[in-house]
Amino acid sequence: MNKKVVIVGSGLGGLSTALRLSYKGYDVTVIEKQDKPGGRLNLLEKDGFTFDVGPSFFSMSYEFTELFDSIGEKMPFELNELDPLYTVNIAGSDRVFHIYKDLAKLAEEFRGIEDDFEAKAKKYLLGAKEIFHDTEYRIVKKNFNSIMGFLASMATVPMKHLPKMFRTFWQELERHFDSEEVKIIFSLVAFFLGATPFNTPSVYNLLNYTELQHDGYWNVKGGMYKIVEGIMGLLRNKGVKFHFDTEIVSVQEQGGKMVSVTDSKGVVYSGDLFVINADAAMFRGKFLGREKYRPEKLDKMEWTLAPFTIYLGVKGKMEGIHHHNYFLGDNFRDYADTIFRSSVAPQKPYYYVNVASKSNPNCAPENCENLFILCPVPDLRVKPDWSDADTLVDEIIEDLGKRVGYDVKNNILTKVVYTPNDWEKMFHLYRGSGLGLAHGLNQIGAFRPSNKDEKLNNVYYVGASTTPGTGLPIVVIGSRLITERIENEHRTF
């Protein structure tokens, strides 16, 4: 008899795990709090507009290829490579920087700003490339059963990378580039992943390699939710069972195992194996009562910034904006230094704008644009009160209109705003943190909440706050890692 797996949560990590296990013959049931699957990779539809709720692009697209190759299926959606990757608008500058993978083209963007840019960038990216490939299979794509095992694997990483453990992302950039513009733009990959380049270890400059040389950035034809829809079609064909609008309120244990979970209506779901796609740290504290993960302990951990998101349906075509855009102020260092600890909404906020209708016209009615705006803000530990949300919304809309030369404010046809409170409530994000636990050196590898429960031998975790970490392709890797664990530890076929 095939083993029964209960998956709590249908984010990308949960869906990818369901895909791998169902194709291996496991009997899979997925329980989801929301009325549809996807977690943060979700869809908002209003007044003829559709919006990506969360992620709007990704790197390491080959991890999706691996996922579908592993089950012998064709990828059920079509990828679009971004070119340029994105644009950057810095307040006080009359230039809009177009960021290309082609370093010769990128050098033209920095002409007169950074002398000999191409040679400097090649040297910088070579170091980033080396650390990416020297850690890919030693650290990222590997399960660890103990801290000692993790440290032993870390010891196999070439010693030449050791100095980067003690420098920040920004300090590494300062070793290679002179201009503030280049350093700011190259550090955005850290800032908009929920941290700042001034407190992120320089080993993460490998992210610049993934975006500029290794794989670039991609989105999905028809919108990012096509990923979810494509996976759901395959799962339904395999007989995977789904229960939506179903919130888990308790778990039941017996003999060192989890035997069932119970929802808010009293319905009990039993299983042989359980995969938790809720936040791995929060779940251990809230549902398993683990001392290490009670709120007082969680609050002392490092969490990523919270999302403040605005979804606008706008009348007219906006010629002064591209698909992916960053809008920054003229005080990057001061802004980064205060964003984590400010109890008030950001002044002159930095934000990202995705205009999916630029490449997916079906996302908006004819002669209209759909705008997804993300402003990273302090989490709810620092700023719990968002009654002033309208002030921040108005400031961003006003600033955006000036920057792109379009009257956004007076052409809005529909508007939805999600504050960190909304994100916490919708997706059980701890204190509204957008991407879960941060990736400081004390919260990576075996120092991160493990993908296997430390007490219950049939419980596994997948998602942003467990190993290997956050990001769409990374949680797909995470689904592979726990599938390997389950196959090795509970194989019955």
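Trainee: How many helices and strands does the chain have?

Mentor: The chain has 15 helices and 19 strands, where helices (H or I, at least four residues) and strands (E, at least two) are DSSP runs. This is a predicted model, in which local features need pLDDT of at least 70, side-chain atom pairs count only at pLDDT 80 or more, and totals for chains, interfaces and linings use all residues. Residues are numbered from 1 along each chain as its sequence is written, and side-chain values use heavy atoms, leaving out hydrogens and water.

Trainee: What makes the radius of gyration of the chain agree with a compact globule?

Mentor: The radius is taken over C-alpha atoms, and the globule rule is 2.2 Å times the number of residues to the power 0.38. For 493 residues the rule gives a value near 23 Å; the chain has 22 Å, and therefore agrees. The C-alpha trace spans about 65 × 55 × 45 Å along its principal axes.

Trainee: What share of the residues of the chain count as buried?

Mentor: Of the 493 residues, 59% do, buried being under 20% relative accessible area with a 1.4 Å probe, protein chains only.

Trainee: Why is the set containing Val88 called a nonpolar core?

Mentor: The term applies because its members are buried Ala, Val, Leu, Ile, Met, Phe, Trp, Tyr and Cys residues joined through side-chain atoms within 4.5 Å. The largest such core has 97 residues, of which Val88, Ile99, Phe186 and Leu400 touch the most other members. A second, separate core of 39 residues includes Leu15 and Val476. In soluble globular proteins, nonpolar side chains tend to be buried together.

Terms used
Buried < 20%, exposed > 50% of the residue type's maximum accessible area, 1.4 Å probe, protein only.
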